[in-house]
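Let's walk through this one together, with the viewer open beside the text.

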Amino acid sequence: MTASIDIRDAFKTFGHGPQAIHALEHAKLAIRPNEFVTFVGASGCGKSTLLRMICGLESLSRGSIAVNGQPIAGPGVDRAMVFQHYSLYPWLTVTQNIKFCRQLKAHTRDRTSADVEKAAGRADALIRLMGLSHVADAYPSQLSGGMQQRVAIARALMSRPPILLMDEPFGALDAQTREVMHDLIRHVHRMEGSTIVFVTHDVEEAIYLGQRIVLMAPRPGRIDTLYDVPLPAERHQDMKLTPEFLALKREILERIRETSGMKTDLEQLARLNADVGADAALTTD
Amino acid sequence: MSASKRAGAGGSPLWQIRSAIDPRQYWLLALFGLVAPLVAWLVASHLDGTDKVFLPGPADVLARIWSWATDDDLAADVAISTWRVVAGWALSAAIALPLGLFIGSYRAVQALLEPLTDFIRYMPAVAFIPLVMLWVGIEEGSKVAIIFIGTFFQMVLMVAEDVRRVPLAQIEAAQTMGATRSEILEKVIVPSAKPALLDTLRVTMGWAWTYLVVAELVASNSGLGYAVLKAQRFLQTDKIFAGILLIGLIGLLIDQGFRLVHRKAFPYLAGRHR
Ligand SMILES: Nc1ncnc2c1ncn2[C@@H]1O[C@H](COP(=O)(O)OP(=O)(O)OP(=O)(O)O)[C@@H](O)[C@H]1O
Ligand SMILES: [Mg+2]
């Protein structure tokens, strides 16, 4: 199952008057069915805001977002979200967390016994796919951060969502665990055929995972540049050292630096150093 | 000072912030904490010149509890007092739990009710006694009403806070899975807040006991609080001690009961229980 996403001139302003924060302006983007798009950009450029707007958790100040041509209004079962953390239910076991959506009316309308069986089969398959078999009856608090994120991903996939939204899902994980999770999520993308929108701080992660990279810039938050990733559909970790990969990484990092205002920070630092030098000169006098 | 000894670490595990200690050490310290004041009391009451009316000894108080139990129907006093406290507290809980749930879940309800509750909770429960007598009368209901007034407003605010502490990500995750508002309340907010709610019930039960003496000020002729008040009139210091100790003991037992239920009902919090 898959779906297209159309972001049509979306705006988001928090607050009113002089204190208003322009989190997003003139965002336009068409995401194709089964595309894997990654969003990068400096902190505060509105990545999370845009993702939450696609999810329906945040309203738009202007413009619209359409899924398969239908404008969205609020969250829906066609769009699943994986949060950075604290979203699992600590009172439920791993299996119960993954099956949580089965308790909701939205997923159990015309429920036949065949459906129930199919759902049980899917939960088992996801538990195996995510390597959670040995902790299926454990509580989230007994799992490492990486394992908890596997559960969160499995829970999001349970209802076969055409669209999977992820906001820095691996931000708190160590480098080795992240690499494992990257290959896992690419595998999911191929198997499930879902459209994936993935927000990250990590440019390498963005290139390795994405078919297309959306670079956002802050103040006001906006979409700055789109990059097509010149890598084959099938990927492996060695590709991170190829010249194309490194060239794109350099280009994107450079652009993030340009748009984030880090340049001025460096100037500040230089000025500060100069002042320290002057002070030192004074005291040695 | 050795180089390995940093602030907040090193040294005996007893003095490391939040570090676990040996269970035997824990129980020894707890026992010492309970026995030491008893010994201090024993010594102070046996010093020369200590008047029994001023400070009765532990033996006097025990004897008094014994005679209270055999001649004065202590069991009835305990029963009626426990009934009053539990009834006032249960009435509070029955209203505070749903109300707090709505205050904590809906900003509009919060705006409507929280400032008012905040205002009322600063009013002293004792000062309501004349009003309670006027409105409720001087029957059993008035004692329950005083305990209700003493606990209810605090309880509502604590329940609302427990509900607000449910992580937003847990609620939003359910929304993205298509949960309706009532499903979010029933399947996310309530189960997520349950451990904190049970703690709130435990703490407010303690407060309810502290209002017992106040409640039994109102035209009583039974109960532990009433016994303490009457003993005060006749300067029976040993009975005052006995009453206070018994109230403390019952409170402690109920508190331990709540903790036991907490451990049994929320096994997934194993790390938090000791
Ligand atoms: N609920 C809110 N109320 C007010 N301002 C908000 C709110 N949510 C986000 N903002 C502001 O909108 C801007 C964009 O925030 P957003 O979280 O989308 O950035 P981000 O790109 O995800 O940043 P990060 O990389 O640090 O996660 C920021 O200036 C932020 O302070
Ligand atoms: Mg963010």
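Across the interface of chain A and chain B, six residue pairs are in polar contact, both partners being at pLDDT 80 or more. A polar contact here is a pair of N or O atoms within 3.5 Å; within protein, one must be able to donate a hydrogen and the other to accept it, and residues adjacent in sequence count only if both atoms are side-chain atoms. On the side of chain A that touches chain B, α1 and β6 (79–82) of chain A each supply at least two residues. Helices (H or I, at least four residues) and strands (E, at least two) are DSSP runs, numbered from the N terminus. By class, that side of chain A has 16 nonpolar, six polar and four charged residues. In this scheme Ala, Val, Leu, Ile, Met, Phe, Trp, Tyr, Cys and Pro count as nonpolar, Asp, Glu, Lys and Arg as charged, and the others, Gly among them, as polar.

Before going further, a word on the ground rules. This is a predicted model, in which local features need pLDDT of at least 70 and side-chain atom pairs count only at pLDDT 80 or more, while totals for chains, interfaces and linings use all residues. Residues are numbered from 1 along each chain as its sequence is written, chains are lettered from A and ligands numbered from 1 in the order in which they are written, and side-chain values use heavy atoms, with hydrogens and water left out.

Back at the interface, 26 residues of chain A are in contact (heavy atoms within 4.5 Å) with 20 residues of chain B. The two chains bury about 1,900 Å² between them, 64% of it on carbon and sulfur atoms; buried area is the accessible area (1.4 Å probe) that two parts lose on being put together, summed over both. Tyr89(A), Trp91(A) and Leu104(A) supply 29% of the area that chain A buries against chain B, more than any other three residues. The interface also holds two salt bridges, each a side-chain nitrogen of Lys or Arg within 4 Å of a carboxyl oxygen of Asp or Glu. One of them links Lys105(A) to Glu183(B), with the closest N and O atoms 3.8 Å apart.

Now turn to ligand 1. Its shell divides into four nonpolar, six polar and two charged residues, and α1(A) gives the largest share, three residues. An oxygen atom of the ligand is 2.7 Å from an N or O atom in the side chain of Ser48(A), and one is 2.5 Å from such an atom in the side chain of Thr49(A).

Finally, the backbone. Most residues other than glycine have a negative phi, and most peptide bonds are trans. Arg160(A), not a glycine, has a positive phi of about 50 degrees. A cis peptide bond joins Arg219(A) and Pro220(A), with omega about -10 degrees.
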